[in-house]
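Biologist: Please show me the complex, and then let me ask on what grounds each contact gets its label.

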2 protein chains.
Amino acid sequence: MTYAPPPGPPGRPGQRGQGRTGRPRSAEADRAILGATREALVELGWGKLTLSDVAARAGVAKTTLYRRWAGKSELVVDAVAALFDEHLDLPDLGSLQADIQGVVLRFAALLERPETKTALMAVVAESTRDDALRARIRSAIVDRQKQLVLIGRERAQERGELPYEESPAAAARHADLIFDVIAGAVVHRALVSAEPVDEAWTRSFADLLVGGLAGRPV
Amino acid sequence: MTYAPPPGPPGRPGQRGQGRTGRPRSAEADRAILGATREALVELGWGKLTLSDVAARAGVAKTTLYRRWAGKSELVVDAVAALFDEHLDLPDLGSLQADIQGVVLRFAALLERPETKTALMAVVAESTRDDALRARIRSAIVDRQKQLVLIGRERAQERGELPYEESPAAAARHADLIFDVIAGAVVHRALVSAEPVDEAWTRSFADLLVGGLAGRPV
DNA sequence: CTCTTACGCTACGCCTCGTAGCGTAACTGC
DNA sequence: GCAGTTACGCTACGAGGCGTAGCGTAAGAG
């Protein structure tokens with residue numbers, strides 16, 4: 001747990017021919033390891049996942065894992081982060097209400113996958129005592145998802161559905177708030193309440209977010 | 001992990017003189033174990049917490065732990081659940097807005113404690129693969145907190161701030177939604193974004209929840 | 001005083017962790 | 001080609017946690 005991968009950002013194979021000498025890291029091994037990690041997560045879950053097992057599945061020596069990642073948490077973050085990169089665009093559905101529903105359903109679809117379900121919570125739990133890990137999660141997963149909120153809000157402002165903020169600072173605070181509300185609600189619904197994030201729930205949630213408790217037609 | 005504590009609800013000492021024969025479980029040992037668990041959580045976090053260590057802190061044999069709890073997750077749920085029982089009333093602050101802020105600040109205060117921070121997320125993560133554990137979390141923690149939402153909503157309806165629901169089913173769905181939004185947002189803010197749930201944020205959140213995105217004065 | 005259950009203690013086999021050491025493979029610069 | 005450098009696979013290892021078994025003893029019920 002004390003080893004930090006020496007060259008470049010961890011998980012990325014050393015750049016070829018960039019002045020770096022010696023045998024380069026195998027990019028294929030990287031893919032195999034991250035894939036094996038996701039596979040093991042599905043079958044075993046976070047608790048019973050062992051690095052020995054991942055190494056065996058990937059057809060790689062256990063020592064190679066430790067040469068690249070400091071521990072289980074770091075490996076799993078990278079393995080799961082790749083999944084969150086799939087849908088980072090937000091199709092314009094014509095209204096704020098529809099855009100919210102779209103982003104919620106997409107996010108929920110990610111959380112439904114067995115490899116993300118367990119992994120995300122476990123890694124977040126671990127990050128409460130590990131600042132470096134939390135930073136890694138933010139840059140690899142959270143901040144990218146937050147981007148979707150910024151896009152959707154900007155569109156709504158152009159449509160005239162939302163007012164423009166007075167100051168950049170207030171805008172940032174507001175965006176953070178909305179992100180916490182959306183992401184938090186979906187995660188809580190899916191993982192704590194363990195109820196489906198389906199069409200009906202998503203519509204109710206978007207209604208609530210747009211209109212609030214007070215402005216509710218019932 | 002295959003052992004289920006035989007008599008009565010786990011974690012509670014056998015009722016004295018209730019037809020049960022033999023030596024009763026020590027209630028004092030129970031307190032010592034749960035206390036030691038919380039203490040160990042603060043110092044070590046979920047990942048490095050070991051049952052051997054807890055037993056040593058509690059001045060109890062390791063075997064006693066396994067006689068009462070099936071594993072680490074179950075023990076930690078009980079240890080943390082006791083903390084959530086402290087504030088289960090909701091003082092009437094005069095308005096829906098104020099009541100929301102009150103419940104958010106209380107919930108946040110619980111999450112600020114180092115023993116709950118890590119433990120809650122870790123246990124939820126584990127529960128995604130263990131239905132019995134999830135049920136235990138619900139009854140010991142989640143459902144009790146949800147009660148606060150029901151109380152606050154009822155008050156708001158009596159004040160005329162919120163309309164009454166048409167059907168009991170719709171009311172239940174709506175309450176579940178609100179609970180997921182509040183609890184999810186606070187947890188996400190505190191643990192994922194790792195930003196303080198302070199007075200300012202709480203006010204913004206309550207504004208958003210009551211008035212919605214659209215009805216925002218800015 | 002017997003029956004029943006809980007407790008403390010010791011010991012154990014199994015597994016995972018994370019590291020060290022070694023010989024070999026791959027790629028770079030001369 | 002050859003030396004230098006880095007990554008890899010393999011084996012082995014000590015440390016430590018897990019969960020259980022067995023035993024003798026303590027604490028209540030009838």
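Modeller: Buried area is the accessible area, with a 1.4 Å probe, that two parts lose on being put together, summed over both. In this predicted model, chain B and chain A bury about 4,500 Å² between them. Carbon and sulfur atoms hold 65% of that area.

Biologist: Which residues of chain B lose the most area to chain A?

Modeller: They are B:Arg129, B:Asp180 and B:Leu213, together 15% of what that side buries.

Biologist: How many salt bridges are there between chain B and chain A?

Modeller: A salt bridge needs a side-chain nitrogen of Lys or Arg within 4 Å of a carboxyl oxygen of Asp or Glu. The count between the two chains is zero. Polar contacts are another matter: 14 residue pairs, both at pLDDT 80 or more, qualify. On the side of chain B that touches chain A, α8(B) gives the most, with 13 residues. By class, that side has 31 nonpolar, twelve polar and eleven charged residues.

Biologist: What makes the approach of A:Lys62 to DNA strand C a polar contact?

Modeller: The cut-off is 3.5 Å between N or O atoms.

Biologist: Which part of B:Ala61 lies 3.3 Å from a phosphate oxygen of DNA strand C?

Modeller: A backbone N or O atom.

Conventions: Residues numbered from 1 in each chain as written. Chains lettered and ligands numbered in written order. Predicted model: local features only at pLDDT ≥ 70, side-chain atom pairs only at ≥ 80, totals over all residues. Heavy atoms only, no water. Polar contact = N/O pair within 3.5 Å; in protein donor to acceptor, adjacent residues only side chain to side chain. Helix = DSSP H or I, 4+ residues; strand = E, 2+ residues; numbered from the N terminus. Nonpolar A, V, L, I, M, F, W, Y, C, P; charged D, E, K, R; others polar.
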